[in-house]
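Subject: Structure handover

Hello,

Here is the structure you were waiting for. My notes on what was found in it follow below.

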Amino acid sequence: MSTPISTDICIIGAGPVGLFAVFEAGLLKLRCHVVDALPQPGGQLSEIYPKKPIYDIPGFPEILAGDLVDNLMKQIEPFQPTFTLGERVEQFQKLDDGSFQLFTTDGSEIHCKAVAIAGGLGSFEPRKPAVENLEQFEGGRGVHYMVRDPEHFRDKKIVIAGGGDSALDWTNFLANVASDVTLVHRGTTFRGAADSAEKVKTLAEAGKIKLVLNSNVTHLHGNGMLKEVTITGNDGQAETVPLDCFIPLFGLTPKLGPIGEWGLEIENDAVKVDTVDYSTSLPGVFAIGDINTYPGKLKLILCGFHEAALMCQGAFKYIFPDKKYTLKYTTVNGAPSM
Amino acid sequence: MQEDIRIYVEEAPGQRREIMAPTDMGLSLMELLKASGYDIMATCGGMALCATCHVEVLAGPALPEPEDAELDMLETLPVVHLGSRLSCQIRLTPRTDGLVVRLAPTGA
(Lines give C-alpha, C1' and ligand atoms only; values in the text may rest on other atoms or scores of the structure.)
Protein backbone atom coordinates (compact mmCIF):
# COMPACT_ATOMS: atom_id res chain seq x y z
CA MET A 1 0.00 0.00 0.00
CA SER A 2 1.51 3.29 -1.12
CA THR A 3 0.50 6.90 -0.44
CA PRO A 4 -2.69 7.92 -2.25
CA ILE A 5 -2.28 9.57 -5.64
CA SER A 6 -4.07 12.88 -6.08
CA THR A 7 -5.00 14.22 -9.50
CA ASP A 8 -7.66 16.09 -11.48
CA ILE A 9 -8.81 13.34 -13.85
CA CYS A 10 -8.19 9.64 -13.32
CA ILE A 11 -8.23 7.92 -16.70
CA ILE A 12 -9.00 4.22 -16.56
CA GLY A 13 -7.35 2.60 -19.56
CA ALA A 14 -4.06 3.53 -21.23
CA GLY A 15 -5.12 2.75 -24.80
CA PRO A 16 -4.84 5.37 -27.55
CA VAL A 17 -8.03 7.15 -26.47
CA GLY A 18 -7.06 7.25 -22.78
CA LEU A 19 -3.64 8.60 -23.72
CA PHE A 20 -5.01 11.30 -26.00
CA ALA A 21 -7.41 12.35 -23.24
CA VAL A 22 -4.28 13.32 -21.25
CA PHE A 23 -3.39 15.74 -24.05
CA GLU A 24 -6.83 17.33 -24.26
CA ALA A 25 -7.00 17.59 -20.46
CA GLY A 26 -3.53 19.14 -20.42
CA LEU A 27 -4.67 21.92 -22.75
CA LEU A 28 -7.22 22.79 -20.06
CA LYS A 29 -4.49 22.60 -17.37
CA LEU A 30 -6.04 19.49 -15.90
CA ARG A 31 -3.62 16.89 -14.56
CA CYS A 32 -4.15 13.21 -15.29
CA HIS A 33 -3.31 9.89 -13.73
CA VAL A 34 -3.69 6.84 -15.97
CA VAL A 35 -4.37 3.32 -14.69
CA ASP A 36 -4.25 0.17 -16.81
CA ALA A 37 -4.38 -3.53 -16.01
CA LEU A 38 -1.73 -4.22 -18.64
CA PRO A 39 1.90 -3.63 -17.72
CA GLN A 40 2.54 -1.21 -20.60
CA PRO A 41 0.63 1.71 -22.14
CA GLY A 42 -1.18 1.34 -25.46
CA GLY A 43 -3.98 -1.09 -24.63
CA GLN A 44 -4.71 -3.64 -27.34
CA LEU A 45 -2.48 -1.74 -29.79
CA SER A 46 0.57 -2.70 -27.74
CA GLU A 47 -0.72 -5.97 -26.36
CA ILE A 48 -2.34 -7.55 -29.40
CA TYR A 49 -1.32 -5.93 -32.66
CA PRO A 50 1.71 -3.62 -32.24
CA LYS A 51 3.03 -4.52 -35.71
CA LYS A 52 -0.26 -4.10 -37.56
CA PRO A 53 -0.57 -1.00 -39.74
CA ILE A 54 -3.53 1.32 -39.15
CA TYR A 55 -4.79 3.31 -42.14
CA ASP A 56 -7.50 5.58 -40.73
CA ILE A 57 -5.61 7.88 -38.40
CA PRO A 58 -6.03 11.38 -39.88
CA GLY A 59 -2.70 12.69 -41.16
CA PHE A 60 -1.06 9.26 -41.22
CA PRO A 61 -1.60 7.36 -44.48
CA GLU A 62 -0.21 4.34 -42.64
CA ILE A 63 1.11 3.93 -39.11
CA LEU A 64 2.00 0.86 -37.07
CA ALA A 65 -0.14 0.48 -33.95
CA GLY A 66 2.98 0.41 -31.77
CA ASP A 67 4.30 3.60 -33.37
CA LEU A 68 0.99 5.37 -32.79
CA VAL A 69 1.28 4.55 -29.08
CA ASP A 70 4.90 5.80 -29.00
CA ASN A 71 3.81 9.03 -30.69
CA LEU A 72 0.93 9.54 -28.27
CA MET A 73 3.27 9.00 -25.30
CA LYS A 74 5.59 11.64 -26.76
CA GLN A 75 2.68 14.00 -27.44
CA ILE A 76 1.42 13.88 -23.83
CA GLU A 77 4.87 14.07 -22.22
CA PRO A 78 4.72 17.87 -21.70
CA PHE A 79 1.69 17.38 -19.47
CA GLN A 80 3.58 15.01 -17.16
CA PRO A 81 0.90 12.38 -16.68
CA THR A 82 1.47 9.77 -14.01
CA PHE A 83 0.75 6.06 -14.45
CA THR A 84 -0.26 3.02 -12.44
CA LEU A 85 0.30 0.07 -14.78
CA GLY A 86 -0.35 -3.62 -14.23
CA GLU A 87 -3.18 -2.92 -11.81
CA ARG A 88 -6.91 -2.95 -12.39
CA VAL A 89 -9.28 -0.43 -10.83
CA GLU A 90 -11.50 -2.57 -8.68
CA GLN A 91 -13.44 -0.27 -6.39
CA PHE A 92 -14.92 3.07 -6.95
CA GLN A 93 -16.49 5.56 -4.59
CA LYS A 94 -17.98 9.01 -5.00
CA LEU A 95 -17.26 11.27 -2.04
CA ASP A 96 -19.58 13.91 -0.55
CA ASP A 97 -17.66 16.79 -2.17
CA GLY A 98 -18.23 15.26 -5.65
CA SER A 99 -14.69 13.92 -5.96
CA PHE A 100 -13.81 10.25 -6.33
CA GLN A 101 -11.76 7.62 -4.61
CA LEU A 102 -10.54 4.62 -6.59
CA PHE A 103 -8.76 1.49 -5.43
CA THR A 104 -6.82 -0.95 -7.59
CA THR A 105 -6.36 -4.69 -7.29
CA ASP A 106 -2.98 -4.11 -5.66
CA GLY A 107 -4.28 -1.60 -3.14
CA SER A 108 -3.20 1.62 -4.86
CA GLU A 109 -5.48 4.51 -3.96
CA ILE A 110 -6.29 7.35 -6.32
CA HIS A 111 -8.17 10.49 -5.38
CA CYS A 112 -9.47 12.53 -8.31
CA LYS A 113 -11.99 15.21 -9.21
CA ALA A 114 -13.37 13.42 -12.27
CA VAL A 115 -13.13 9.92 -13.76
CA ALA A 116 -12.72 9.10 -17.44
CA ILE A 117 -13.30 5.46 -18.30
CA ALA A 118 -11.38 4.59 -21.47
CA GLY A 119 -11.41 0.86 -20.88
CA GLY A 120 -11.65 -0.29 -24.50
CA LEU A 121 -12.68 -3.92 -24.70
CA GLY A 122 -12.70 -4.13 -20.92
CA SER A 123 -10.26 -6.36 -19.16
CA PHE A 124 -9.14 -9.75 -20.40
CA GLU A 125 -10.47 -12.49 -18.16
CA PRO A 126 -10.21 -16.28 -18.29
CA ARG A 127 -12.75 -18.01 -20.51
CA LYS A 128 -14.78 -20.50 -18.51
CA PRO A 129 -15.88 -23.85 -19.89
CA ALA A 130 -19.58 -24.67 -19.78
CA VAL A 131 -19.47 -27.07 -16.83
CA GLU A 132 -22.57 -26.98 -14.71
CA ASN A 133 -21.51 -26.23 -11.14
CA LEU A 134 -18.15 -24.63 -11.88
CA GLU A 135 -18.89 -21.44 -9.94
CA GLN A 136 -19.61 -23.48 -6.82
CA PHE A 137 -15.94 -24.43 -6.55
CA GLU A 138 -14.37 -21.07 -7.40
CA GLY A 139 -12.61 -18.88 -4.87
CA GLY A 140 -10.19 -21.37 -3.35
CA ARG A 141 -12.55 -24.34 -3.32
CA GLY A 142 -10.69 -26.23 -6.02
CA VAL A 143 -11.22 -24.48 -9.38
CA HIS A 144 -8.45 -22.16 -10.60
CA TYR A 145 -8.57 -20.27 -13.89
CA MET A 146 -4.92 -19.27 -13.77
CA VAL A 147 -1.75 -20.28 -12.06
CA ARG A 148 -0.72 -17.36 -9.91
CA ASP A 149 1.61 -19.25 -7.62
CA PRO A 150 2.76 -22.71 -8.76
CA GLU A 151 3.67 -23.56 -5.15
CA HIS A 152 -0.04 -23.63 -4.37
CA PHE A 153 -0.17 -26.88 -6.34
CA ARG A 154 2.83 -28.58 -4.68
CA ASP A 155 2.11 -32.26 -4.01
CA LYS A 156 -1.49 -31.81 -5.12
CA LYS A 157 -3.45 -33.96 -7.49
CA ILE A 158 -4.49 -31.71 -10.37
CA VAL A 159 -6.45 -31.89 -13.60
CA ILE A 160 -5.72 -29.30 -16.30
CA ALA A 161 -8.11 -28.81 -19.22
CA GLY A 162 -7.30 -27.08 -22.48
CA GLY A 163 -5.24 -27.42 -25.63
CA GLY A 164 -3.60 -24.03 -26.05
CA ASP A 165 -0.18 -22.79 -25.09
CA SER A 166 -0.98 -22.05 -21.47
CA ALA A 167 -2.46 -25.53 -20.91
CA LEU A 168 0.67 -27.12 -22.41
CA ASP A 169 3.12 -24.86 -20.60
CA TRP A 170 1.53 -25.29 -17.19
CA THR A 171 1.21 -29.04 -17.65
CA ASN A 172 4.94 -29.20 -18.31
CA PHE A 173 5.78 -26.91 -15.43
CA LEU A 174 3.46 -28.41 -12.85
CA ALA A 175 4.56 -31.97 -13.73
CA ASN A 176 7.52 -31.30 -11.42
CA VAL A 177 5.50 -29.58 -8.71
CA ALA A 178 2.22 -31.42 -8.30
CA SER A 179 2.06 -35.04 -7.23
CA ASP A 180 -0.26 -36.02 -10.04
CA VAL A 181 -1.05 -34.14 -13.27
CA THR A 182 -3.73 -35.02 -15.81
CA LEU A 183 -4.18 -32.97 -18.99
CA VAL A 184 -7.60 -33.25 -20.61
CA HIS A 185 -7.92 -32.03 -24.19
CA ARG A 186 -11.05 -32.19 -26.33
CA GLY A 187 -9.03 -32.86 -29.48
CA THR A 188 -6.11 -35.02 -30.46
CA THR A 189 -3.73 -32.40 -31.76
CA PHE A 190 -2.13 -29.35 -30.18
CA ARG A 191 -1.63 -26.13 -32.09
CA GLY A 192 0.57 -24.66 -29.37
CA ALA A 193 4.35 -24.33 -29.64
CA ALA A 194 5.64 -27.60 -31.13
CA ASP A 195 8.27 -28.12 -28.45
CA SER A 196 5.84 -27.77 -25.52
CA ALA A 197 3.43 -30.20 -27.21
CA GLU A 198 6.33 -32.60 -27.74
CA LYS A 199 7.35 -32.27 -24.09
CA VAL A 200 3.82 -33.05 -22.92
CA LYS A 201 3.79 -36.21 -25.06
CA THR A 202 7.19 -37.28 -23.73
CA LEU A 203 6.05 -36.76 -20.14
CA ALA A 204 2.91 -38.78 -20.83
CA GLU A 205 4.89 -41.63 -22.44
CA ALA A 206 7.23 -41.68 -19.42
CA GLY A 207 4.20 -41.94 -17.14
CA LYS A 208 4.96 -38.62 -15.43
CA ILE A 209 1.60 -37.16 -16.42
CA LYS A 210 -1.65 -38.54 -17.71
CA LEU A 211 -2.80 -37.29 -21.10
CA VAL A 212 -6.51 -37.75 -21.83
CA LEU A 213 -7.35 -36.81 -25.42
CA ASN A 214 -10.72 -36.58 -27.18
CA SER A 215 -12.32 -35.81 -23.83
CA ASN A 216 -13.81 -33.05 -21.71
CA VAL A 217 -14.27 -32.46 -18.02
CA THR A 218 -18.05 -32.60 -17.78
CA HIS A 219 -18.97 -32.73 -14.09
CA LEU A 220 -17.52 -31.53 -10.81
CA HIS A 221 -18.28 -33.25 -7.53
CA GLY A 222 -17.65 -32.29 -3.92
CA ASN A 223 -19.26 -31.03 -0.81
CA GLY A 224 -18.02 -27.45 -0.44
CA MET A 225 -14.56 -28.43 -1.66
CA LEU A 226 -13.88 -30.04 -5.03
CA LYS A 227 -13.28 -33.79 -4.59
CA GLU A 228 -13.77 -35.44 -7.98
CA VAL A 229 -14.30 -34.64 -11.65
CA THR A 230 -15.93 -36.65 -14.36
CA ILE A 231 -14.01 -36.83 -17.63
CA THR A 232 -16.17 -37.82 -20.58
CA GLY A 233 -14.73 -38.99 -23.85
CA ASN A 234 -16.13 -37.95 -27.21
CA ASP A 235 -17.25 -41.58 -27.48
CA GLY A 236 -19.47 -41.11 -24.42
CA GLN A 237 -17.27 -43.14 -22.03
CA ALA A 238 -17.08 -41.41 -18.65
CA GLU A 239 -14.60 -41.77 -15.83
CA THR A 240 -14.67 -40.09 -12.43
CA VAL A 241 -11.31 -39.27 -10.87
CA PRO A 242 -10.38 -37.85 -7.44
CA LEU A 243 -8.40 -34.57 -7.38
CA ASP A 244 -7.49 -31.50 -5.33
CA CYS A 245 -7.57 -28.86 -8.04
CA PHE A 246 -9.13 -28.38 -11.46
CA ILE A 247 -7.41 -25.82 -13.72
CA PRO A 248 -9.36 -25.03 -16.91
CA LEU A 249 -7.09 -23.02 -19.23
CA PHE A 250 -9.12 -21.85 -22.22
CA GLY A 251 -7.48 -18.53 -22.96
CA LEU A 252 -8.66 -15.03 -22.18
CA THR A 253 -11.72 -13.22 -23.36
CA PRO A 254 -12.52 -9.52 -22.98
CA LYS A 255 -15.11 -8.76 -20.33
CA LEU A 256 -16.49 -5.48 -19.04
CA GLY A 257 -15.21 -6.51 -15.61
CA PRO A 258 -15.76 -4.45 -12.45
CA ILE A 259 -16.83 -1.39 -14.49
CA GLY A 260 -20.18 -3.15 -14.89
CA GLU A 261 -20.74 -3.05 -11.14
CA TRP A 262 -20.20 0.66 -10.51
CA GLY A 263 -23.84 1.59 -10.89
CA LEU A 264 -23.42 3.16 -14.33
CA GLU A 265 -26.09 2.68 -16.94
CA ILE A 266 -24.94 -0.21 -19.15
CA GLU A 267 -26.26 -1.34 -22.53
CA ASN A 268 -24.92 -4.39 -24.40
CA ASP A 269 -21.83 -4.52 -22.20
CA ALA A 270 -20.98 -0.88 -22.92
CA VAL A 271 -21.38 2.29 -20.85
CA LYS A 272 -24.19 4.56 -22.01
CA VAL A 273 -23.12 8.17 -22.51
CA ASP A 274 -24.52 11.54 -23.48
CA THR A 275 -22.73 12.68 -26.64
CA VAL A 276 -22.68 16.32 -25.47
CA ASP A 277 -19.69 15.53 -23.27
CA TYR A 278 -19.58 11.72 -23.04
CA SER A 279 -20.86 11.84 -19.48
CA THR A 280 -22.29 8.68 -17.98
CA SER A 281 -25.37 8.37 -15.79
CA LEU A 282 -23.18 9.28 -12.80
CA PRO A 283 -22.14 12.98 -12.79
CA GLY A 284 -18.36 13.38 -12.85
CA VAL A 285 -17.81 10.03 -14.53
CA PHE A 286 -17.20 10.01 -18.27
CA ALA A 287 -16.67 7.16 -20.73
CA ILE A 288 -14.79 7.42 -24.03
CA GLY A 289 -13.62 5.08 -26.76
CA ASP A 290 -14.71 1.49 -27.37
CA ILE A 291 -16.17 1.10 -23.87
CA ASN A 292 -19.04 3.53 -24.45
CA THR A 293 -22.19 3.38 -26.51
CA TYR A 294 -24.55 5.94 -27.99
CA PRO A 295 -26.71 6.17 -31.10
CA GLY A 296 -24.43 6.02 -34.12
CA LYS A 297 -21.42 4.81 -32.16
CA LEU A 298 -18.44 3.79 -34.27
CA LYS A 299 -15.64 1.91 -32.57
CA LEU A 300 -12.82 3.82 -34.22
CA ILE A 301 -9.69 5.31 -32.68
CA LEU A 302 -10.37 8.58 -34.45
CA CYS A 303 -13.87 8.78 -32.94
CA GLY A 304 -12.34 8.10 -29.53
CA PHE A 305 -9.99 11.07 -30.02
CA HIS A 306 -12.96 13.33 -30.72
CA GLU A 307 -14.78 11.95 -27.68
CA ALA A 308 -11.70 12.65 -25.53
CA ALA A 309 -11.70 16.33 -26.56
CA LEU A 310 -15.38 16.83 -25.73
CA MET A 311 -15.13 14.78 -22.55
CA CYS A 312 -12.42 17.11 -21.21
CA GLN A 313 -14.73 20.10 -21.68
CA GLY A 314 -17.36 18.28 -19.64
CA ALA A 315 -14.84 17.30 -16.96
CA PHE A 316 -13.60 20.91 -16.77
CA LYS A 317 -17.15 22.15 -16.19
CA TYR A 318 -17.73 19.46 -13.57
CA ILE A 319 -14.52 20.34 -11.70
CA PHE A 320 -14.81 24.14 -12.07
CA PRO A 321 -18.52 24.92 -12.41
CA ASP A 322 -17.85 28.65 -12.00
CA LYS A 323 -14.93 29.02 -14.39
CA LYS A 324 -15.51 29.97 -17.96
CA TYR A 325 -13.44 28.26 -20.56
CA THR A 326 -12.65 29.63 -23.98
CA LEU A 327 -11.19 27.43 -26.68
CA LYS A 328 -7.61 28.26 -27.60
CA TYR A 329 -5.87 26.71 -30.57
CA THR A 330 -2.51 25.00 -30.06
CA THR A 331 -1.26 27.09 -32.98
CA VAL A 332 -1.94 30.21 -30.92
CA ASN A 333 -0.58 29.05 -27.60
CA GLY A 334 2.61 27.47 -28.91
CA ALA A 335 4.24 24.29 -27.65
CA PRO A 336 2.03 22.55 -25.08
CA SER A 337 3.09 22.75 -21.45
CA MET A 338 1.47 22.26 -18.09
CA MET B 1 -23.26 -4.24 -59.18
CA GLN B 2 -23.07 -7.80 -57.94
CA GLU B 3 -26.17 -9.73 -57.07
CA ASP B 4 -27.03 -10.35 -53.44
CA ILE B 5 -26.36 -13.78 -52.00
CA ARG B 6 -28.38 -15.85 -49.55
CA ILE B 7 -27.12 -16.88 -46.13
CA TYR B 8 -29.14 -19.20 -43.91
CA VAL B 9 -29.09 -19.16 -40.13
CA GLU B 10 -30.40 -22.25 -38.35
CA GLU B 11 -32.25 -20.74 -35.40
CA ALA B 12 -33.69 -24.03 -34.19
CA PRO B 13 -33.48 -27.57 -35.54
CA GLY B 14 -35.07 -27.55 -38.98
CA GLN B 15 -35.81 -23.84 -38.79
CA ARG B 16 -33.69 -21.70 -41.07
CA ARG B 17 -33.89 -17.97 -41.58
CA GLU B 18 -32.84 -16.62 -44.94
CA ILE B 19 -30.80 -13.43 -45.00
CA MET B 20 -29.98 -11.54 -48.18
CA ALA B 21 -26.47 -10.17 -48.19
CA PRO B 22 -24.67 -7.79 -50.52
CA THR B 23 -21.24 -8.90 -51.69
CA ASP B 24 -19.90 -5.55 -52.82
CA MET B 25 -19.37 -4.08 -49.34
CA GLY B 26 -16.57 -6.32 -48.10
CA LEU B 27 -18.81 -7.57 -45.28
CA SER B 28 -17.83 -10.42 -43.04
CA LEU B 29 -20.38 -12.98 -41.91
CA MET B 30 -20.03 -11.57 -38.37
CA GLU B 31 -21.00 -8.10 -39.56
CA LEU B 32 -23.99 -9.48 -41.43
CA LEU B 33 -25.19 -11.48 -38.41
CA LYS B 34 -24.81 -8.46 -36.13
CA ALA B 35 -26.66 -6.24 -38.58
CA SER B 36 -29.42 -8.86 -38.77
CA GLY B 37 -30.09 -8.55 -35.07
CA TYR B 38 -28.29 -11.61 -33.76
CA ASP B 39 -26.87 -11.39 -30.26
CA ILE B 40 -23.21 -11.54 -31.17
CA MET B 41 -20.73 -9.62 -29.06
CA ALA B 42 -17.86 -9.50 -31.58
CA THR B 43 -15.93 -7.66 -28.92
CA CYS B 44 -12.66 -7.46 -30.84
CA GLY B 45 -14.34 -6.07 -33.94
CA GLY B 46 -13.19 -8.73 -36.36
CA MET B 47 -9.55 -9.45 -35.58
CA ALA B 48 -9.98 -13.12 -34.56
CA LEU B 49 -9.08 -12.19 -30.99
CA CYS B 50 -12.13 -12.90 -28.86
CA ALA B 51 -14.07 -15.80 -30.41
CA THR B 52 -17.39 -14.21 -29.44
CA CYS B 53 -18.57 -14.58 -33.06
CA HIS B 54 -18.11 -18.35 -33.08
CA VAL B 55 -20.45 -20.14 -35.53
CA GLU B 56 -20.85 -23.66 -36.79
CA VAL B 57 -20.97 -24.06 -40.55
CA LEU B 58 -23.61 -26.71 -41.27
CA ALA B 59 -23.76 -26.78 -45.05
CA GLY B 60 -23.07 -24.81 -48.18
CA PRO B 61 -20.17 -24.10 -50.48
CA ALA B 62 -16.58 -24.88 -49.51
CA LEU B 63 -15.00 -21.92 -47.73
CA PRO B 64 -11.37 -20.79 -47.94
CA GLU B 65 -9.26 -22.49 -45.27
CA PRO B 66 -9.06 -20.63 -41.95
CA GLU B 67 -5.84 -18.74 -41.31
CA ASP B 68 -3.53 -19.44 -38.36
CA ALA B 69 -4.93 -16.63 -36.17
CA GLU B 70 -8.41 -18.11 -36.45
CA LEU B 71 -7.27 -21.69 -35.84
CA ASP B 72 -5.25 -20.59 -32.81
CA MET B 73 -8.27 -18.82 -31.35
CA LEU B 74 -10.60 -21.76 -32.02
CA GLU B 75 -8.07 -24.03 -30.33
CA THR B 76 -8.49 -22.17 -27.04
CA LEU B 77 -12.28 -22.69 -26.94
CA PRO B 78 -13.72 -25.28 -24.56
CA VAL B 79 -16.16 -26.56 -27.19
CA VAL B 80 -15.78 -26.68 -30.96
CA HIS B 81 -17.53 -28.60 -33.70
CA LEU B 82 -16.44 -30.02 -37.01
CA GLY B 83 -17.59 -26.87 -38.81
CA SER B 84 -16.57 -24.33 -36.18
CA ARG B 85 -15.45 -20.98 -37.57
CA LEU B 86 -15.11 -17.41 -36.41
CA SER B 87 -17.70 -15.58 -38.47
CA CYS B 88 -15.56 -12.43 -38.54
CA GLN B 89 -13.06 -14.33 -40.68
CA ILE B 90 -15.59 -15.37 -43.34
CA ARG B 91 -15.82 -12.79 -46.14
CA LEU B 92 -19.14 -12.68 -47.97
CA THR B 93 -18.50 -13.14 -51.68
CA PRO B 94 -20.53 -14.67 -54.52
CA ARG B 95 -18.75 -17.93 -53.63
CA THR B 96 -20.34 -18.04 -50.16
CA ASP B 97 -23.88 -18.05 -51.58
CA GLY B 98 -26.08 -20.62 -49.81
CA LEU B 99 -23.99 -20.93 -46.65
CA VAL B 100 -25.85 -22.43 -43.68
CA VAL B 101 -24.62 -21.58 -40.18
CA ARG B 102 -25.67 -21.96 -36.58
CA LEU B 103 -24.59 -19.57 -33.82
CA ALA B 104 -22.53 -21.13 -31.04
CA PRO B 105 -23.88 -20.56 -27.52
CA THR B 106 -22.51 -17.41 -25.85
CA GLY B 107 -19.10 -17.92 -24.31
CA ALA B 108 -18.34 -21.05 -26.29
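In chain A, helix α1 (residues 16-27) and helix α6 (residues 301-319) have axes that come within 8 Å and cross at roughly 40°. Axes here are lines fitted to C-alpha atoms, for helices over the stretch in contact, and angles run from 0 to 180 degrees between N-to-C directions. That angle makes α1(A) oblique to α6(A); angles under 35 degrees count as roughly parallel, over 145 as roughly antiparallel, 65 to 115 as roughly perpendicular and the rest as oblique. The crossing of the two is right-handed (left-handed if the near helix is turned anticlockwise from the far one by less than a right angle, right-handed if clockwise). Among the residues that make the contact are A:Phe20, A:Ala21 and A:Glu24 of α1(A) and A:Phe305, A:Ala308 and A:Cys312 of α6(A). Two residues are in contact if their C-beta atoms, placed from the backbone, lie within 7 Å. By class this contact has 12 nonpolar, one polar and two charged residues. Ala, Val, Leu, Ile, Met, Phe, Trp, Tyr, Cys and Pro count as nonpolar, Asp, Glu, Lys and Arg as charged, and the others, Gly among them, as polar.

The model is predicted: local features need pLDDT of at least 70, side-chain atom pairs count only at pLDDT 80 or more, and totals for chains, interfaces and linings use all residues. Residues are numbered from 1 along each chain as its sequence is written, while chains are lettered from A and ligands numbered from 1 in the order in which they are written. Helices (H or I, at least four residues) and strands (E, at least two) are DSSP runs, numbered from the N terminus.

Chain A is divided into domain 1 (5-124 + 253-333) and domain 2 (128-250), with bounds from an automatic or database domain assignment. Their C-alpha centres lie 39 Å apart.

Chain A also has an open antiparallel sheet of three strands, in the order β13-β14-β15. Two strands pair if DSSP finds at least two bridges between them. Its edge strands, β13 (215-223) and β15 (238-242), each pair on one side only. Eight bridges join β13(A) to β14(A), and five join β14(A) to β15(A). The hairpin of β13(A) and β14(A) has one residue between the strands, and A:Gly224 takes a positive phi near 90° there.

In chain B, five strands form an open sheet with mixed pairing, in the order β2-β1-β5-β3-β4. β2 (15-21) and β4 (84-86) stand at the edges with a single partner strand each, so one side of each has no neighbour in the sheet. Strands β1 (residues 5-12) and β5 (residues 99-103) of chain B run parallel and are joined by three bridges; B:Ile7 stands opposite B:Leu99.

Between the chains, 17 residues of chain B are in contact with 15 residues of chain A. The chain B side divides into 11 nonpolar, four polar and two charged residues.

Regards
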